[in-house]
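Biologist: I have the model open on my screen and would like to go through it with you piece by piece.

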Amino acid sequence: KIKLTFFYVYIFLSCLFSGLFATVRKCVHRETGITYAAKFSSRVRLGDDCSMEILHEIAMLSVCTDSNKIVHLKDVFQNRHEIILVLE
């Protein structure tokens, strides 16, 4: 399920990687103190809505939850401009 409020759940820290359409930032869960990576993916790329591509990525990560060779999706948030995937 995609949630709308994420600033109260995680503390976002330094930028780890930055690309043309996504940025990966280090984040810490406020209650548990566990560190994760948060991928901020732009919903609009070169004027086109790419939300379906990001939703496909979320679906693929959800299917692979039992694999220990693929990163695990912990949370998904969205705002007007981007979709944020919190990954282990």
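Biologist: To begin with, how many residues sit between β6 and β7 in their hairpin?

Modeller: There are 3 residues between β6 and β7 in that hairpin. Strands here are DSSP runs of E with at least two residues, helices are runs of H or I with at least four, and both are numbered from the N terminus. This is a predicted model, in which local features need pLDDT of at least 70 and side-chain atom pairs count only at pLDDT 80 or more, while totals for chains, interfaces and linings use all residues. Residues are numbered from 1 along each chain as its sequence is written, and side-chain values use heavy atoms, with hydrogens and water left out.

Biologist: And over how many bridges do β6 and β7 pair?

Modeller: Strand β6, residues 73-78, pairs with β7 in the antiparallel sense over 5 bridges, where pairing requires that DSSP finds at least two bridges between the strands. Within that arrangement, Gln78 stands opposite Ile83 in β7.

Biologist: What does β3 do with β7?

Modeller: β3 and β7 run antiparallel and are joined by 6 bridges. Ser42 stands opposite Glu82 in β7, and Ala38 stands opposite Val86 in β7.

Biologist: So what is the strand order in the sheet?

Modeller: The sheet is open, with 5 strands in the order β1-β2-β3-β7-β6 and antiparallel pairing. Because β1 and β6 stand at the edges with a single partner strand each, one side of each is left without a neighbour in the sheet. The twist averages 25° from one strand to the next, with axes taken as lines fitted to C-alpha atoms (for helices over the stretch in contact) and angles running from 0 to 180 degrees between N-to-C directions.

Biologist: What does α1 touch when it packs on the sheet?

Modeller: Helix α1 touches β3, β6 and β7, and its direction makes about 20° with that of β7; contact here means heavy atoms within 4.5 Å.

Biologist: Is β7 buried or exposed, taken as a whole?

Modeller: β7 is largely enclosed by the rest of the structure, because 5 of its 6 residues are buried. Buried stands for under 20% relative accessible area, exposed for over 50% and partly exposed for anything in between, using a 1.4 Å probe and protein chains only.

Biologist: Which residues make up the largest nonpolar core?

Modeller: The largest nonpolar core has 9 residues: Tyr10, Phe12, Cys27, Tyr36, Ala38, Phe40, Phe77, Ile84 and Val86. Such a core is a set of buried Ala, Val, Leu, Ile, Met, Phe, Trp, Tyr and Cys residues joined through side-chain atoms within 4.5 Å. The elements giving two or more residues to this core are β1 (10-18), β3 and β7 (82-87), and the largest share, 3 residues, comes from β3. A second, separate core has 8 residues, among them Ile54, Ile58, Leu61 and Leu73.

Biologist: Changing topic, how many salt bridges does the search of the whole structure find?

Modeller: The search finds 2 salt bridges, each being a side-chain nitrogen of Lys or Arg within 4 Å of a carboxyl oxygen of Asp or Glu. In one of them, Glu57 meets Lys39 at 2.9 Å, N to O, and this pair links distant parts of the chain, since Glu57 is in helix α1 and Lys39 is in strand β3 (residues 35-42), 18 residues apart. Glu53 forms a salt bridge with Arg45, with the closest N and O atoms 3.4 Å apart.

Biologist: Are Glu57 and Arg45 buried or exposed?

Modeller: Glu57 counts as partly exposed at 26% relative accessibility, whereas Arg45 is buried, with a relative accessible area of 17%.

Biologist: What about Arg25, and where is it found?

Modeller: Arg25 is found in strand β2, residues 22-29, and counts as partly exposed at 30% relative accessibility. A polar atom of the Arg25 side chain lies 2.7 Å from the backbone oxygen of Leu13.

Biologist: And which side chain does Ser51 join in a polar contact?

Modeller: The side chain of Ser51 joins that of Asp49 in a polar contact of 2.8 Å. That term covers a pair of N or O atoms within 3.5 Å; within protein, one must be able to donate a hydrogen and the other to accept it, and residues adjacent in sequence count only if both atoms are side-chain atoms. Ser51 belongs to helix α1, residues 51-63, and counts as buried at 8% relative accessibility.
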